[in-house]
Amino acid sequence: MHRLRPLVALLVPLALAGCADIKEAGRTVGHTTKNVTRDIGHTTRDTREIGHSTRDAVKQVGDELSD
């Protein structure tokens, strides 16, 4: 049992440091995923607005030509 103490004293800090690294990597992946998802949503919204504006402009030109 006394022989294991130095080994345990060495392994516990290494395991805790590894857990901190894994936690930080998870946090980084989570934030990156959130930011990419938000950017995709904004792009979709902007694209939809451009499409609607284009549709409305074409409709207006068509209405004016019909008159």
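Visitor: How does the radius of gyration of the protein chain stand against that of a compact globule of 67 residues?

Guide: The radius of gyration is taken over C-alpha atoms, and the globule rule is 2.2 Å times the number of residues to the power 0.38. By that rule a compact globule of 67 residues would come out near 11 Å, but the protein chain has 29 Å. Along the principal axes, the C-alpha atoms fill a box of roughly 100 × 10 × 5 Å. This is a predicted model, in which local features need pLDDT of at least 70 and side-chain atom pairs count only at pLDDT 80 or more, while totals for chains, interfaces and linings use all residues. Residues are numbered from 1 along each chain as its sequence is written, and side-chain values use heavy atoms, with hydrogens and water left out.

Visitor: How far apart in space are Val 12 and Gln 60?

Guide: Two numbers are read together: the separation in sequence and the distance between C-alpha atoms. Val 12 and Gln 60 are 48 residues apart in sequence and 72 Å apart in space. For Gly 18 and Thr 33, 15 residues apart along the chain, the C-alpha separation is 22 Å. Thr 28 and Leu 16 are 12 residues apart in sequence, with 18 Å from C-alpha to C-alpha.

Visitor: What share of the 67 residues is buried?

Guide: Buried means under 20% relative accessible area, exposed over 50%, and partly exposed in between (1.4 Å probe, protein chains only). Buried residues make up 0% of the protein chain. Gly 18 counts as partly exposed because its relative accessibility is 27%. Thr 28 is also partly exposed, at 41%.

Visitor: Which residues make the nonpolar surface patch?

Guide: Patches are made of residues with over 30% relative accessible area and no salt bridge; like charges are joined within 9 Å, nonpolar side chains (Val, Leu, Ile, Met, Phe, Trp, Tyr) within 5 Å. Accessible areas come from the Shrake-Rupley method with a 1.4 Å probe, and for residues only the protein chains shown count as cover. Leu 4, Leu 7, Val 8, Leu 10, Leu 11, Val 12, Leu 14 and Leu 16 make a patch of about 750 Å². Of these, Leu 10 is exposed, with a relative accessible area of 52%, and Val 12 is partly exposed at 43%. The accessible surface of the protein chain comes to about 6100 Å², and 65% of that belongs to carbon and sulfur atoms.

Visitor: How many salt bridges does the structure hold?

Guide: Side chains of opposite charge can pair when their charged atoms come close. A salt bridge is a side-chain nitrogen of Lys or Arg within 4 Å of a carboxyl oxygen of Asp or Glu. The structure holds four. One of them joins Asp 39 to Arg 38, with the closest N and O atoms 3.6 Å apart. Asp 46 and Arg 45 meet at 3.1 Å, N to O, and Arg 55 and Asp 56 at 3.2 Å.

Visitor: Are Arg 55 and Asp 56 buried, exposed or partly exposed?

Guide: Arg 55 is partly exposed, with a relative accessible area of 48%, and Asp 56 is partly exposed at 42%. Asp 46 is partly exposed at 33%, as is Arg 45 at 38%.

Visitor: How far apart are the mean positions of the positive and negative charges?

Guide: Lys and Arg count as positive and Asp and Glu as negative, while His and the chain ends are not counted. The place of a charge is taken as NZ of Lys, CZ of Arg, CG of Asp or CD of Glu. The protein chain has 10 positive and 9 negative charges, and their mean positions are 22 Å apart.
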